[in-house]
Amino acid sequence: MKKPLSIMLSALLVASLMAGCGPKKTEEPKDNKPAEQTNELKPEEGATLLVWESEGPEGEYIKYVASEFEKKYGVKVKYEPVNHTDTSGKLQQDGPAGVGADVFAAPHDHLGKMVAAGLIQENHNPDRVKNDFMEAALRGVSLDGKVYGYPTAIETYALFYNKDLVKEAPKTYEEIIEFAKTFNNPKEKKYALAWDVGNAYFSYSFLTANGGYVFGKQGTDKDDIGLNNEGALKGAEFYKSLRTILPLKAADSNYQFMDGSFSAKKVAMIINGPWAVKGYQDAKVNFGVAPLPTFGGAQPKSFSGIRALYVSSFTKYPKAAKLFAEFATSDEMLMKRFEMTRQIPPVKALAEKDEIKNDPIVSGFMAQAANAEPMPSIPQMQLVWEPLATTFNAIWDGQMEPKAALDKCVQTIKDAIAAQK
C-alpha cells in the first residue's frame with residue numbers, strides 16, 4: 001500500500017492517542033545531556049552514506065537534508081529511492097553483502113521484525129525522543145525498553161470530503177447513508193463514500209469503535225487477540241451494511257478506484273491519509289479533512305503510524321549514520337520536512353506552531369489522531385495483515401458471515417504465531 005486538534009492539538013493528542021506507559025528507561029549518562037549532545041558525535045574520516053527513502057516529497061526531503069549535512073559535516077550522502085515499506089526486507093538481503101543503506105526509512109510496525117533480525121542499531125540519543133517527541137512516536141520506535149528509531153512523522157487516515165458536493169463534513173456514518181440515497185448513481189459510478197474496503201489498514205477502524213483490538217496491553221500481548229470479541233463483531237456487521245451504499249465487489253472498490261474517483265469528483269467522500277493530499281490539490285479538488293464519522297454513537301479508532309529513520313547494523317560508518325539520522329530529525333529539519341511533505345512532525349513543541357495547528361488540512365488529521373492508536377510493532381503484527389485483509393474481503397463480498405470470518409481470522413493468526421515458536 002502507498003501505502004498512514006483540531007486546534008486543541010498536542011495536549012489532546014498526547015493524552016488520547018498516546019496514553020499509556022512508555023518504554024523502560026535505557027541506560028543513560030547520569031547527567032542526562034540534552035539533545036545538543038548530537039554535536040559530540042563526529043563522523044568517521046572518509047565516511048560516505050547511502051540513505052533509502054520513498055520517492056516523492058519524502059525523497060526530495062532526504063536530498064535536502066543530505067545537501068545541508070554535507071555542508072556542515074563534509075560527509076557525502078547518496079539518496080536511493082526505495083519504498084519505506086520495502087526497506088527492511090531489502091536490507092535483510094543487501095546488508096550482509098555490504099551494499100545496503102546506512103540509514104533508511106521504515107514504518108514503525110516493522111520494528112519488531114527488524115530488531116529480531118538484528119538489522120538496526122539503538123538510537124544514540126534516546127533522551128531526545130523521550131523528552132521532546134509525542135508519546136506515540138516514542139512508543140512507535142521503542143521495543144522492550146530500548147529506543148531504536150528517529151521519528152520523522154506521525155500519520156493516520158481520516159475522512160476527505162468534497163466541499164462542492166458536501167457542505168459540511170458528516171459527523172456520523174448514518175448521515176452519509178442518508179446522503180447516498182440522493183447522491184448515488186451507479187450507472188455514472190457516483191457514490192457518496194468509497195475507500196479501499198478490503199485493505200485491513202483502513203477497514204480496521206470499524207472493528208475498534210466498540211472495543212475490538214489487535215493485541216492487548218497496548219499492542220504488546222501476542223496472546224491476547226481482540227479481533228473477534230463482541231465489539232469487533234458489532235463493527236464488522238456495520239462494515240458489511242455499508243455495501244448498500246457502495247455496491248461494488250471488494251476488488252473493485254480498491255485504492256486506485258477510490259483515489260481516482262475522488263480526483264475525478266465522482267465520489268463525494270473517501271477515507272485516506274496525508275500522503276494523498278498533494279494529488280487532490282493538483283487535481284483541483286475543493287476538499288476538506290475531518291475525523292472519521294461515528295456509527296451507532298461509537299467513535300472508530302484509526303491506525304496511526306510513525307515514520308522514522310533507522311541506522312543499519314551493517315553500516316561501516318555508524319557515527320556518521322547516527323549523526324545523519326539525528327540531524328534529519330532536528331526541529332529545524334523536521335519543520336522543513338513538514339513544509340515539503342505536509343506530514344505532521346511528531347515533536348510536541350512543533351505541533352503547537354501556528355503553521356501546523358492552523359493548517360485546515362493538517363488540523364483535520366490531528367483531530368483524527370486523537371482517535372487513533374499506534375499499529376502494534378511486535379514481530380507478530382506482520383502475521384495479522386494478510387488474514388485480516390482476507391477477512392474483510394470475505395465479509396464484504398458475502399462469502400462469510402462476520403462472526404465466522406472473524407473467528408477464522410483469529411485462529412489463523414494464532415496458528416501462525418504458534419508456528420513461529
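This is a predicted model: local features need pLDDT of at least 70, side-chain atom pairs count only at pLDDT 80 or more; totals for chains, interfaces and linings use all residues.
1. Because R128 and D132 are four residues apart in helix 5 (residues 126-132), about one helical turn separates them. An α-helix has 3.6 residues a turn, so residues three or four places apart point the same way.

2. Two further salt bridges join residues within one helix. In helix 14, K336 and E339 lie three residues apart, about one turn of the helix, and their side chains meet at 3.2 Å, N to O; K336 is partly exposed, with a relative accessible area of 21%. In helix 19 (residues 402-420), D407 and K403 are four residues apart, again about one turn, and the distance in their salt bridge is 2.8 Å, N to O. D407 counts as partly exposed, at 29% relative accessibility. Salt bridges that share partners also join E53, E58 and R307 into one network, and the count of salt bridges comes to 18.

3. Which side chain of opposite charge is nearest to R337? R337, found in helix 14 (residues 331-341), is buried yet has no salt bridge, and the nearest such side chain is that of E53, 4.1 Å away. A salt bridge requires a side-chain nitrogen of Lys or Arg within 4 Å of a carboxyl oxygen of Asp or Glu.

4. Helix 13 (residues 318-328) is largely enclosed by the rest of the structure, because nine of its eleven residues are buried. Among these buried residues are the charged K322 and E326, as well as L323, F324 and F327.

5. Four strands form an open sheet of mixed pairing, in the order 8-11-7-12, with strand 8 (191-194) and strand 12 (287-290) at the edges, each pairing on one side only. From one strand to the next the twist averages 20°. Strand 8 pairs with strand 11 (residues 267-272) in the parallel sense over three bridges, and A194 stands opposite I270 in strand 11.

6. Two helices lie across this sheet. Helix 7 (residues 173-183) lies across strand 8 and strand 11, running at about 140° to strand 8, whereas helix 11 (residues 255-263) lies across strand 7 (158-162), strand 8, strand 11 and strand 12, at about 135° to strand 11.

Terms used: Residues are numbered from 1 along each chain as its sequence is written. Side-chain values use heavy atoms; hydrogens and water are left out. Two strands pair if DSSP finds at least two bridges between them. Axes are lines fitted to C-alpha atoms, for helices over the stretch in contact, and angles run from 0 to 180 degrees between N-to-C directions. Contact means heavy atoms within 4.5 Å. Buried means under 20% relative accessible area, exposed over 50%, partly exposed in between (1.4 Å probe, protein chains only).
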